Amino acid sequence: MKTSFIAAFLSCALLLTGCGGSQEEKEAEEKAAADSPADALQAIADKAKEMGDREAVDPVDFRKLKDLLPENLVGMSRTEATGEKSGAMGFTVSTAQAKYQGSSDEKLNIEIVDTGGIAGVSTMALAAWSIADIDKETTTGYEKTTKIEGYKAFEKYNNESKSGEINILVADRYVVNVEGDNVTVDQLKQALKALNLGELGDLK
């Protein structure tokens, strides 16, 4: 999902909130709209505005992010760990990545991105699912938004290839991506929970 997805939701929300004539009509519409899709759209618009109003801050040193990536994760050994701070035109992000290999074909890729230096709309572009509700099933798998450890998350898995990913947004700033091949959904979740998300959210 890209920014066009967000724009579509925001446009709908603006249309819904901008309609109406007299105060009585507006109140009647609000009452009729209770527990309706319009409420969900308004909630999305409110969240998007909240994130869009955030001011950019200096991202943390990528080495702090690397420190959160353990040498061993769900029975797999870390084979590579990298990090960098990059940007252009005054906007910067810090990123840390690690690759893990199991005893057979199991693989995990972990990425932590501090979007503090680009804030607002740019953060939403990286985690558009954080302001949406998704629940989809196919013949081979599924994708859905959910909550993990109290954080909004996006979960996607293919039963045939035994591959999937879990993305999570911490403190409206840190995007954590866990991708795996030849792994179970439980392994993906265990890998994510093994990261110290509380410590991540407190980094400055």
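Strands are DSSP runs of type E with at least two residues, numbered from the N terminus. The exercises below concern a predicted model.

**Exercise 1. Determine in which element Asn177 lies, and whether Asn177 is buried or exposed.**

Solution. 
- Step 1: Asn177 has its place in strand S9.
- Step 2: The cut-off for a buried residue is a relative accessible area under 20%.
- Step 3: Asn177 counts as buried because its relative accessibility is 15%.

**Exercise 2. Identify the side chain with which the side chain of Asn177 makes a polar contact, and list the residues that Asn177 touches.**

Solution. 
- Step 1: The polar contact of the Asn177 side chain is with the side chain of Asn167, at 2.9 Å.
- Step 2: Leaving aside residues up to four places away in sequence, Asn177 touches Asn109, Ile110, Glu111, Ile166 and Asn167.

**Exercise 3. Describe the setting of Val178: its strand, its burial and its contacts.**

Solution. 
- Step 1: Strand S9 contains Val178.
- Step 2: Val178 counts as buried because its relative accessibility is 0%.
- Step 3: When residues up to four places away in sequence are not counted, the residues touched by Val178 include Leu108, Asn109, Ile110, Leu188, Ala191 and Leu192. Gly164, Glu165, Ile166 and Asn167 are also touched by Val178.
- Step 4: Between the C-alpha atoms of Val178 and Glu155 the separation is 9.7 Å, and these residues are 23 residues apart along the chain.

**Exercise 4. Trace the pairings of strand S6 with S5 and S7.**

Solution. 
- Step 1: Strand S5 (residues 135-137) runs antiparallel to strand S6 (residues 141-148), with 3 bridges joining them.
- Step 2: Glu137 has Tyr142 in S6 as its bridge partner, and a hairpin through 3 residues joins S5 to S6.
- Step 3: S6 and strand S7 (residues 151-158) are joined by 8 bridges and run antiparallel.
- Step 4: Thr145 has Phe154 in S7 as its bridge partner.
- Step 5: The hairpin formed by S6 and S7 has 2 residues between the strands, and Glu149 in the turn has a positive phi of about 55°.

Conventions:
Residues numbered from 1 in each chain as written. Predicted model: local features only at pLDDT ≥ 70, side-chain atom pairs only at ≥ 80, totals over all residues. Heavy atoms only, no water. Pairing = 2+ DSSP bridges. Helix = DSSP H or I, 4+ residues; strand = E, 2+ residues; numbered from the N terminus. Buried < 20%, exposed > 50% of the residue type's maximum accessible area, 1.4 Å probe, protein only. Contact = heavy atoms within 4.5 Å. Polar contact = N/O pair within 3.5 Å; in protein donor to acceptor, adjacent residues only side chain to side chain.
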